[in-house]
Amino acid sequence: MQLLEERILKDGIVKPGNVLKVDSFLNHQMDIAFINELGKEFQRRFADAPITKILTIEASGIGIACLVAQYFHVPVVFAKKAQSLNLDGEMFTSKVESFTHKKVYDVILSKKFLGPEDHVLLIDDFLANGCALMGLIDIVNKSGATLEGAGIVIEKGFQEGGKKIREMGVRLESLAIVESMTDDSLTFRPNN
Ligand code: 5GP
């Protein structure tokens with residue numbers, strides 16, 4: 001998506017450890033008018049899917065998912081990250097290894113908010129090694145819901161997540177795929 005690629009080139013900052021900072025417009029300070037355009041684009045790409053719910057993971061996925069959900073007219077539900085397990089049977093749980101914090105979390109979701117009648121679109125800000133998305137896919141599978149696909153704002157194509165998720169047969173739409181990045185250059189994979 002050209003608008004997004006231009007914004008990444010203008011405002012993105014490459015940090016050591018393969019981290020791209022886009023916190024001036026996406027996941028710390030949020031440019032709402034801009035993210036609305038991303039929402040419209042996800043809706044265009046998944047217009048044929050009978051989505052009933054958008055699922056994301058706290059924290060940075062939530063704001064984005066809310067803006068996307070306006071265009072699908074469906075609720076957002078977000079998986080919570082918990083440091084320790086003290087859960088009853090009313091939760092779906094999965095384990096996620098955080099790319100940015102290098103920690104293992106339990107992610108949890110109340111069984112009240114996802115079930116076999118649902119058709120789910122996953123939304124997240126970044127795809128790196130795919131752990132966050134795998135955790136969400138695991139939760140969808142446990143709930144018996146149908147996974148319609150995953151929408152990612154920025155996929156880092158040089159990390160393994162995208163390949164892994166696509167090989168699982170999941171319909172994955174990334175609005176920008178970073179092919180390579182260094183301190184002074186950043187390239188995108190052609191992707192529309
Ligand atoms: P994964 O689980 O795919 O390895 O990493 C995805 C998660 O880690 C995303 O939810 C995102 O919050 C975070 N993340 C991964 N790579 C980056 C990055 O380059 N920049 C930022 N800001 N977050 C990232």
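Predicted model: local features only at pLDDT ≥ 70, side-chain atom pairs only at ≥ 80, totals over all residues.
Trainee: Where is Lys 156 found?

Mentor: Lys 156 belongs to strand S8, which covers residues 146-156.

Trainee: Which residues does Lys 156 touch, not counting residues up to four places away in sequence?

Mentor: Asn 18, Val 19, Phe 99, Phe 126, Leu 127, Ala 128, Val 178 and Met 181 are the residues it touches on that basis.

Trainee: Which residues does UniProt list for "binding site"?

Mentor: The unreviewed UniProt entry gives Leu 20, Asn 27 and Lys 156 under that name. From this set, Leu 20, Asn 27 and Lys 156 are part of the lining of the largest pocket.

Trainee: Is Leu 20 buried or exposed?

Mentor: Leu 20 is buried, with 5% relative accessible area. Leu 20 sits in strand S2, residues 19-21. Leaving aside neighbours within four places in sequence, its contacts include Ile 8, Phe 126, Ile 154 and Leu 186.

Trainee: Turning to the pocket, what volume does the largest pocket have?

Mentor: Its volume is about 720 Å³. The lining has 32 residues, and those closest to the centre are Ser 60, Phe 99, Thr 100, Asp 125 and Phe 126.

Trainee: Which element gives the most to the lining of the largest pocket?

Mentor: That is S7, with four residues. Elements giving two or more residues include S2, S8 and helix H3 (60-72).

Trainee: How many of the lining residues are nonpolar, polar and charged?

Mentor: The lining of the largest pocket has 15 nonpolar, nine polar and eight charged residues.

Definitions and conventions:
Residues numbered from 1 in each chain as written. Heavy atoms only, no water. UniProt positions renumbered as here; feature names shortened; annotations may be inferred. 1 Å grid on protein atoms, 1.4 Å probe; cavity = no way out; pocket = protein on both sides within 12 Å on 5 of 7 lines; lining within 4 Å. Buried < 20%, exposed > 50% of the residue type's maximum accessible area, 1.4 Å probe, protein only. Contact = heavy atoms within 4.5 Å. Points joined across faces, edges and corners; volume = space filled by probe spheres on them. Nonpolar A, V, L, I, M, F, W, Y, C, P; charged D, E, K, R; others polar.
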